[in-house]
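Good morning, and thank you for the time.

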Amino acid sequence: MTRISVRGVAVASATAVTAVGAVVGVASGNEGKTTQTVDVAGATLLADIPSGAQAQTISDNIGRQADAQASAADAAAKKAAEEAARKKAAQVAQAKADADRAAKEAEAKRKAEAASRAKARSLLAAPIDVSPGSVQALARSIIGNDTQFQCFSQIVTRESGWRYTATNASSGAYGLVQALPGSKMASAGADWRTNPATQIKWGLNYMNSRYGSPCGAWSFWQAHNWY
């Protein structure tokens, strides 16, 4: 590449200005006056203009500064992209961890509820170990009237012998009061198979609603051997 000397251009320009000034002086009728020319090339105005080598050095320095700034910008952009990627990865990892934790908590809750239901079912299915005397005392407390209890007891003694798991092999009647079918007693409680209190409450309600009282049911039983 050919370098153009800034000083050479300046000198040429100054020479042109000098020539133009001389021509103007002649044209204005000052033929008799001596025209004074000024060496513009040597004037202070061009004194600070760098030489060709200096200008190239300045240009090279500017180029290097531009390259350094571009490199710094690229490095900053790369760092920002890496930081954004790191944050994104951390967010994804945190979201996955939260989802895993929620899934584990839900599974633990499901298992706990299933275990609770299983325990409840086992309690309902397991017979209560009580003696006939204890069941009679329970019935007395539920009925609350000794006369009605005696009538109730007469029926239960003949129907089941106060055995709350008694089952009629031929009819399928079940429990203290031999409900037929036994599932009728579910209206008094889901534990009708194993809880004497549930059977007593159902039997008392049945006698009251059908015969008016346990003693009314006992009167019917004596006449028909069933009720």
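Let us begin at the start of helix α5, where a side-chain oxygen of Asn-195 comes to within 3.0 Å of the backbone nitrogen of Ala-197. Please keep in mind that this is a predicted model.

The helix itself comes next. α5 has 16 residues, and from its first C-alpha to its last it reaches 22 Å, close to the 22 Å expected at 1.5 Å a residue. After α5 comes Gly-212, with a positive phi near 90 degrees. The buried residues of α5 include Pro-196, Ile-200, Leu-204, Met-207 and Tyr-211.

In general, an α-helix has 3.6 residues a turn, so residues three or four places apart point the same way. How are the rings of Trp-202 and Tyr-206 arranged? Their centres are 5.4 Å apart and their planes are at 10 degrees; the cut-off for stacking is under 30 degrees, so the pair is stacked.

A second stacked pair is formed by Trp-218 and Trp-221, at 5.7 Å centre to centre and with 25 degrees between the planes. Both residues belong to helix α6, where they are three residues apart, again about one turn. Trp-218 and Trp-221 are both buried.

The aromatic pairs number nine in total. Ring pairs also join Trp-202, Tyr-206, Tyr-211, Phe-220, Trp-226 and Tyr-227 into a cluster.

I turn now to the largest nonpolar core, which has 27 residues; those touching the most other members are Phe-152, Trp-162, Leu-176, Val-177, Met-207 and Tyr-227. Helices α3, α4, α5 and α6 each give two or more residues to this core. Which element gives the most? It is α5, with six residues.

Finally, the covalent link. The structure holds one disulfide, formed by Cys-151 and Cys-215, whose sulfur atoms are 2.2 Å apart. Cys-151 lies in α4 and Cys-215 in α6, so the pair ties together parts that are 64 residues apart in sequence. The torsion about the S-S bond is about 85 degrees, and the disulfide is therefore right-handed. Are these two cysteines buried or exposed? Buried means under 20% relative accessible area. Cys-151, at 11% relative accessibility, therefore counts as buried, and Cys-215, with a relative accessible area of 18%, is buried as well.

Conventions. Residues are numbered from 1 along each chain as its sequence is written. This is a predicted model: local features need pLDDT of at least 70, side-chain atom pairs count only at pLDDT 80 or more; totals for chains, interfaces and linings use all residues. Side-chain values use heavy atoms; hydrogens and water are left out. A nonpolar core is a set of buried Ala, Val, Leu, Ile, Met, Phe, Trp, Tyr and Cys residues joined through side-chain atoms within 4.5 Å. Buried means under 20% relative accessible area, exposed over 50%, partly exposed in between (1.4 Å probe, protein chains only). Helices (H or I, at least four residues) and strands (E, at least two) are DSSP runs, numbered from the N terminus. A disulfide is a pair of cysteine sulfur atoms within 2.5 Å. The expected span of a helix is 1.5 Å times one less than its number of residues. A polar contact is a pair of N or O atoms within 3.5 Å; within protein, one must be able to donate a hydrogen and the other to accept it, and residues adjacent in sequence count only if both atoms are side-chain atoms. Rings of Phe, Tyr and Trp (its six-membered ring) pair if their centres lie within 6.5 Å; planes under 30 degrees apart count as stacked, over 60 as edge-to-face and the rest as tilted.
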